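Hi,

Here is the structure I promised to pass on. Have a look at it first, and then read my notes below.

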Amino acid sequence: MPDWQWWQRGVVYQIYPRSFQDTNGDGIGDLRGICERLDYLVWLGVDAIWISPIYPSPMADFGYDIADYCNVDPIFGTLGDFDRLIAEAHGRGLKVILDFVPNHTSDQHPWFRESRSSRTSPKRDWYIWRDPKPDGSPPNNWISNFGGPAWEWDEATGQYYYHAFLKEQPDLNWRNPEVRAAMHDVLRFWLRRSVDGFRVDVIWHLMKDPEFRDNPPNPGFQPGRPEIDRLLQIHSTDQPDVHEIIAGMRRVLEEFEDRVLIGEIYLPIERLVAYYGQDLAGAHLPFNFQLIHTAWNVRELSTLIDEYEAALPEGGWPNWVLGNHDQPRIAARVGAAQARVAAMLLLTLRGTPTMYYGDEIGLAKVEIPDDAVQDPWEKNEPGLGLGRDPERTPMQWDSSPHAGFTTGKPWLPLSPTYAECNVERMRSDPRSILSLYRRLLALRRERKALSVGSYRSIGVFGTAFAYERTLGAERLIVVLNLTHEPHLVDLSSQGRLRRVLSTCLDGEGDLVEGTLDLRGDEGVILESVG
Ligand code: TEU
Ligand code: CA
């Protein structure tokens, strides 16, 4: 049997640090807060934490605008706090993955200040500067991901600079070898501090068309969609030479042992799988966001899983993501009952699952009053429902004021349901979604077939679908009902089966012969008993 890497067997848990645990009453989560909650994560049963950016930042995009890659923002703590967090996490067997944001810096980064100081600055070519068109307009038609033009005019030096996101987030020029070398040193800085890997922000954006050609219009554009959708991003992203850049990062990680490279990539499956790289020299895990975008029904989901499995390159390790800080929460999308089915799906598919903090307590959409909006995207394109604040609200630990997150005023509101929807309450309820997550995580650790076993689709049964996970003599069958209606599933061709775990958290050990009586919103894991 092959040796599996920790990032193949393990489960990743994303922490949005502003919202996990505050320890100094400023209403914003911090590194000491994460440290205090490590025992919870061990109890829950995850293997690695990925922490969204903690670096010094003006916070125009809440840390995705970095002013110093090699330090910690005072809001989150100090480098000393970080070292302590790493030591405490490692002491508990938890890996720590940092967010690496190489596509753009803050406009307050010393590199950009230098770059914009004059056309002859030694760092001018570290960013993407272009002359205006003869009529003074921007060099091409590219649009910012957060709305408006992607080019910002710099009066002092008479050129435009490119920013795929906010104008406070100028894009670095990865064609410049000095930029590559400087960023590789950033990776080494954190790798030497024993970081176990990186989630690389917008990795498919790093290279742009060398000729900066106009993007073509998107024929499928619908009013009400974000402005970025007006154009097909074919020249501004996903360029063939990005793979050499990623391979370069990977080589830096290979200077160290056992580190993981995860890439954030919003692309359809056939283009996504290219990010494993030639000879698998690219990202270990190109994030697979398909569960987030696929309609929640049995046909689409079962087809998706088979298509993804079939598209993987030989030796490429699968992964699945159910939510993150940019996407509506799973419980908001599919409802509380199906969120439990989604948990079973995520934690029984082949490949590395990534969970998003708060999903384990079934946190849903939190309404954000107009005067509490924080997200710059919502501020730029209001009223379209693009705002990401509803999925970034504080973690709910207990029923005390502010849910135990802070003693001060939380930076985003808590869910009004926090008195019931919190870790303390749900821990003591054996039927809660939190208990279900914990059971699923424990089972996944105990039954290796669930993490590293092979995957085979069994088929669609009305409103349910089933698949099999096998490793050696161990054979588990997962059956998921994607509707509220009960359904009888004929499993007579599957031999004798025993119930191992249900999303209803009952019926364990019962034998299933022939027909499985699946309740509405129920998922069941069965084991083969000969
Ligand atoms: O997100 C990249 C990205 O493409 C998202 O903006 C996405 O388009 C949007 O949220 C809807 O799907 C990454 C980070 O995760 C995000 O938080 C940052 O704002 C962005 O990059 C810029 O760094
Ligand atoms: Ca704080």
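This is a predicted model: local features need pLDDT of at least 70, side-chain atom pairs count only at pLDDT 80 or more; totals for chains, interfaces and linings use all residues.

Let's begin where two domains meet: across the interface of domain 1 and domain 3, the rule finds nine residue pairs in polar contact, both residues being at pLDDT 80 or more. A polar contact here is a pair of N or O atoms within 3.5 Å; within protein, one must be able to donate a hydrogen and the other to accept it, and residues adjacent in sequence count only if both atoms are side-chain atoms.

Residues are numbered from 1 along each chain as its sequence is written, chains are lettered from A and ligands numbered from 1 in the order in which they are written, and side-chain values use heavy atoms, leaving out hydrogens and water.

So where are the domains? Domain 1 covers 6-103 + 177-441, domain 2 covers 110-162 and domain 3 covers 453-528 (the bounds come from an automatic or database domain assignment). The centres of domain 1 and domain 3, over C-alpha atoms, are 30 Å apart.

Back at that interface, 25 residues of domain 1 are in contact (heavy atoms within 4.5 Å) with 29 residues of domain 3. Together the two domains bury about 2100 Å², 67% of it on carbon and sulfur atoms. Buried area is the accessible area (1.4 Å probe) that two parts lose on being put together, summed over both. V298, M344 and R439 supply 27% of what domain 1 buries against domain 3, more than any other three residues.

The rule also finds one salt bridge across this interface (a side-chain nitrogen of Lys or Arg within 4 Å of a carboxyl oxygen of Asp or Glu). Look for R439 again, as its side chain meets that of E508 in a salt bridge, 2.7 Å from N to O.

Cheers
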